[in-house]
Amino acid sequence: QSVDAQAPGQPRSRGIVKLRDPFGARRQLYLHQIVAVQRLLLKNHQQAWEQRKSALLAVHDLGTGKTITAIMAIAAVRNACPDPAESKVLVLCPLAVLSAWDDALRTWTTLGDRVLLGHKQAQLTEAAIEAAHVILTTYTWWEREACEEDRAYFRSHAPWAHVVLDEGHNLRNPDASRSRHL
């Protein structure tokens, strides 16, 4: 079962969040996860969707559901966007958690093949990026000088609804190579 979503003036559609686990048990969210996503959606709500500038900073202890909170935010933004097909998401994270992100997205959402996992040049082709809704890649790939052309493509051709920076503390130095490339 997935979340039902309805944008004003649009026909009812199915959301992307799986509310039940593979065994049929209803998934539970923490209150702070729901509040965080709600605050993200309500921030600058008086502005047109494409003009909003919003951010969500989740600084919680290990195991409190930051990845699931981000997935809920991705789903909520996708449902709120006037054209969900144009609401691509870029997730940058360390290689050590890349597969965990992929597993979580495939377990908690109905996106399936629209999740692109790529940390090598050959995986992140224009065709693959065009077909994907969520692109998972690493900070290491993003900051490589050899990827400048690909970064330019990301910047100019994709309407990013979300950019998720996992382990964002790695970006605290604005003069570092990683920060400059973002």
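Mentor: Gladly. Gln 33 lies in helix 1. Keep in mind that this is a predicted model.

Trainee: Is Gln 33 buried or exposed?

Mentor: Use the cut-off: buried means under 20% relative accessible area. Gln 33 has 4% relative accessibility, so this residue counts as buried. Its side chain reaches the backbone nitrogen of Tyr 30 at 2.7 Å.

Trainee: Which residues does Gln 33 touch, not counting those up to four places away in sequence?

Mentor: Gln 33 touches Thr 64, Gly 65, Ile 68 and Thr 69.

Trainee: Let me step back. How many helices and strands are in the protein chain?

Mentor: The protein chain has seven helices and six strands. From the N terminus on, their order is β-β-α-α-β-α-β-α-β-α-α-β-α.

Trainee: And what share of the residues counts as buried?

Mentor: Of 182 residues, 38% count as buried. The chain exposes about 10700 Å², and carbon and sulfur atoms supply 54% of that area. Look at contacts too. Take those between residues at least 6 apart in sequence: 59% of them join residues at least 24 apart.

Trainee: What about Val 134?

Mentor: Val 134 lies in strand 5. Its relative accessible area is 0%, so Val 134 is buried. Leave aside its neighbours within four places in sequence. Val 134 is then in contact with Ile 74, Val 89, Val 91, Leu 105, Leu 111, Arg 114, Val 115 and Leu 116. The C-alpha atoms of Val 134 and Gly 112 are separated by 10.0 Å, and the two residues are 22 apart along the chain.

Trainee: Where is Thr 137?

Mentor: Thr 137 is in strand 5, residues 134-138. This threonine is buried because its relative accessible area is 0%. A polar atom of the Thr 137 side chain lies 2.6 Å from the backbone oxygen of Gly 118. Not counting residues up to four places away in sequence, Thr 137 touches several others, including Leu 90, Val 91, Leu 92, Cys 93 and Gly 118.

Trainee: Next, charged pairs. How many salt bridges does a search of the whole structure find?

Mentor: The search finds one. The side chains of Asp 102 and Arg 106 meet there, at 2.8 Å from N to O. Both residues lie in helix 3, residues 95-108. They are four residues apart, about one turn of the helix.

Trainee: Are Asp 102 and Arg 106 buried or partly exposed?

Mentor: Asp 102 has a relative accessible area of 11%, so Asp 102 is buried. Arg 106 counts as partly exposed because its relative accessibility is 31%.

Trainee: How should I read a backbone angle?

Mentor: Start with the general rule. Most residues other than glycine have a negative phi. Now the case here. Phi of Asn 44 is near 55 degrees, a positive value in a residue other than glycine. Asn 44 lies in the loop between helix 1 and helix 2. With a relative accessible area of 23%, Asn 44 is partly exposed.

Trainee: Last, the surface. Which residues make the nonpolar patch?

Mentor: Leu 29, Leu 31 and Ile 34 make a nonpolar surface patch of about 280 Å². Leu 29 is in the loop between strand 2 (13-18) and helix 1 (31-42). Its relative accessibility is 32%, so Leu 29 counts as partly exposed.

Definitions and conventions: Residues are numbered from 1 along each chain as its sequence is written. This is a predicted model: local features need pLDDT of at least 70, side-chain atom pairs count only at pLDDT 80 or more; totals for chains, interfaces and linings use all residues. Side-chain values use heavy atoms; hydrogens and water are left out. Patches are made of residues with over 30% relative accessible area and no salt bridge: like charges are joined within 9 Å, nonpolar side chains (Val, Leu, Ile, Met, Phe, Trp, Tyr) within 5 Å. Accessible areas come from the Shrake-Rupley method with a 1.4 Å probe; for residues, only the protein chains shown count as cover. A salt bridge is a side-chain nitrogen of Lys or Arg within 4 Å of a carboxyl oxygen of Asp or Glu. Helices (H or I, at least four residues) and strands (E, at least two) are DSSP runs, numbered from the N terminus. Buried means under 20% relative accessible area, exposed over 50%, partly exposed in between (1.4 Å probe, protein chains only). A polar contact is a pair of N or O atoms within 3.5 Å; within protein, one must be able to donate a hydrogen and the other to accept it, and residues adjacent in sequence count only if both atoms are side-chain atoms. Contact means heavy atoms within 4.5 Å.
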